[in-house]
Amino acid sequence: MASNVVSRKPATPTGTGLLHYYKVPISRLPSTNAPSGPLWNNTLYRFNQSVSTRAHPSFIKPPPVKSDRVIILLNTQNKVNGFMRWSVNNISFDLPHTPYLIVAKNDLRHVFEQTPPPETYDYKMYDINMPPSNPNGTRSNSIYKLEFGSVVDVILQNANTLTPNNSETHPWHLHGHDFWVLGYGFGKFDPKTNPKKYNLKDPILKNTVAVHTLGWTALRFKADNPGVWAFHCHIESHFFMGTGVVFEEGVDKVGKLPESIMGCDESKLGN
């Protein structure tokens, strides 16, 4: 098998490996040459693989037929104070020094911004095929507060980076939940027409999904797990540089937190 870098021209060779099946002597080598793998900018094969992935017939769990809330997240690069950052709806995410769950349970909300993050972007005017016309973004650590038990749709919209003719794949991971993957598309998501094509019959349940280059991915989950949960790009450097959001739900249902976790910033015992 072969593994290549995707979305950006690699400066490293293709990674290759062997799978040895049970009872096959490990000394037996393949009779053919190692595959070269697809090119780094060949998006179509990955997109088609995503679209064709459905729930196994024996494990179909249909999603709720409609959602209570829709959040559209534009994935971009921006400049913040002259430095390149990854952003969501032009906001580059920062984690506060005091963990969110401790903040919520101990009424320490002054440690992060209380202005809610934007639910969408100007999708009618924004050109996803070009670098941002205004590259400047901001930083924030505010979070989305979800009604407990509500059904939430999240649309991941990819776009061109600050570099012309470049868009990078982002594997988004949600903590605390599995979600139904309702659909994928190339180009700009249309909130009026694209939901009519959602797969509500046999969508796969996952906790990590890709948004492909210059495309969109639609997912749905039920906010039924009390806590504060990160949703972020699973490329670590992207998350560190701002590609992430946080969902809060049903915190009043969380029991008393152990003192052993108190130790970061304003959660230190005695403060």
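At 4% relative accessibility, D153 counts as buried, where buried means under 20% relative accessible area, exposed means over 50%, and partly exposed lies in between, for a 1.4 Å probe and protein chains only. The model is predicted, so local features need pLDDT of at least 70 and side-chain atom pairs count only at pLDDT 80 or more, while totals for chains, interfaces and linings use all residues. Residues are numbered from 1 along each chain as its sequence is written, and side-chain values use heavy atoms, with hydrogens and water left out.

The side chain of D153 meets that of R220 in a salt bridge, at 2.5 Å from N to O; a salt bridge here is a side-chain nitrogen of Lys or Arg within 4 Å of a carboxyl oxygen of Asp or Glu. This pair links distant parts of the chain, since D153 is in strand β8 (residues 151-158) and R220 is in strand β13 (residues 215-222), 67 residues apart. R220 is buried too, with a relative accessible area of 4%. Helices (H or I, at least four residues) and strands (E, at least two) are DSSP runs, numbered from the N terminus.

## Other salt bridges

Side chains of opposite charge can pair when their charged atoms come close. How many salt bridges does a search of the whole structure find? The search finds seven. One of them joins the side chains of R109 and E248, at 2.9 Å from N to O. Because R109 lies in the loop between α2 (100-105) and β6 (138-140) while E248 lies in strand β15 (residues 244-249), the pair ties together parts that are 139 residues apart in sequence. Both R109 and E248 are buried.

A salt bridge also connects the side chains of D94 and R85, at 3.1 Å from N to O. Here D94 is partly exposed, with a relative accessible area of 21%, whereas R85 is buried, with a relative accessible area of 9%.

## Strand β9 and its neighbours

Four of the five residues of strand β9 (residues 170-174) are buried, so this strand is largely enclosed by the rest of the structure. Two strands are said to pair if DSSP finds at least two bridges between them. Four bridges join β9 to strand β12 (residues 208-211), and the two run antiparallel; within this pairing, W172 has V209 of β12 as its bridge partner. β9 also pairs in the antiparallel sense with strand β14 (residues 227-233), over three bridges, and there the bridge partner of H173 is H232.

## Empty space in the model

Rolling a probe the size of a water molecule over the atoms shows where empty space is left. On a 1 Å grid over the protein atoms alone, a cavity is a set of points where a 1.4 Å probe fits but cannot get out, and a pocket is an open set with protein on both sides within 12 Å along at least five of seven lines; lining residues have an atom within 4 Å of a point. Grid points are joined across faces, edges and corners, and a volume is the space filled by probe spheres set on the points.

The largest pocket holds about 290 Å³ of space. Of the 15 residues that line the largest pocket, the closest to its centre are G17, L18, L19, L29 and P30. The structure holds one cavity of 30 Å³ or more, and about 100 Å³ of space lies in the largest cavity. Its lining includes F93, P117 and Y144, and β5 (91-93) and β15 each supply at least two of the lining residues.
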